[in-house]
Amino acid sequence: PRDSCLAALREIERVLIPDGSAAISMKRGQGEGWRSTEEFPLERWFSYYMPSEFAGLCEKAGLSIGNVAITERRDWFVVIAVKGLRAS
């Protein structure tokens with residue numbers, strides 16, 4: 001859930017080694033809820049974020065942003081979050 005995201009990102013920051021990175025794949029959009037798709041018919045929980053919004057949460061958790069990439073997979077993006085690296 002969105003209200004747990006910052007805590008989860010802080011835990012990622014805590015367990016990463018210095019200069020370690022995490023690739024975090026997120027669903028692009030707004031809101032949250034149980035969803036199913038044709039590719040995966042069982043319901044799963046999704047929390048949607050805009051890339052800049054999610055990058056801001058990563059930074060609030062103490063992670064620097066190495067890269068944000070919109071994927072070829074519909075409505076997904078990947079953030080490379082780094083512990084201890086200052087964005088240039």
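**View 1. Charged side chains across the predicted model.** The protein carries 12 positive and 12 negative side chains, with Lys and Arg counted as positive, Asp and Glu as negative, and His and the chain ends left out. The centres of the two sets lie 3 Å apart, each charge being placed at NZ of Lys, CZ of Arg, CG of Asp or CD of Glu. This is a predicted model, in which local features need pLDDT of at least 70 and side-chain atom pairs count only at pLDDT 80 or more, while totals for chains, interfaces and linings use all residues. Residues are numbered from 1 along each chain as its sequence is written, and side-chain values use heavy atoms, without hydrogens and water.

**View 2. Lys83 in its strand.** Here we look at Lys83, part of strand β5, residues 76-83 (strands are DSSP runs of E, at least two residues; helices are runs of H or I, at least four; both are numbered from the N terminus). Along the sequence, the elements follow the pattern α-β-β-β-α-β-β.

View 3. Lys83 is buried (under 20% relative accessible area, 1.4 Å probe, protein chains only). Which side chain of opposite charge is nearest to Lys83? That is Glu13, 4.0 Å away, yet Lys83 has no salt bridge (a side-chain nitrogen of Lys or Arg within 4 Å of a carboxyl oxygen of Asp or Glu). A polar atom of the Lys83 side chain lies 3.0 Å from the backbone oxygen of Leu16. Leaving aside residues up to four places away in sequence, Lys83 touches residues including Ile17, Pro18 and Leu63 (contact means heavy atoms within 4.5 Å).

Key
Buried < 20%, exposed > 50% of the residue type's maximum accessible area, 1.4 Å probe, protein only. Polar contact = N/O pair within 3.5 Å; in protein donor to acceptor, adjacent residues only side chain to side chain.
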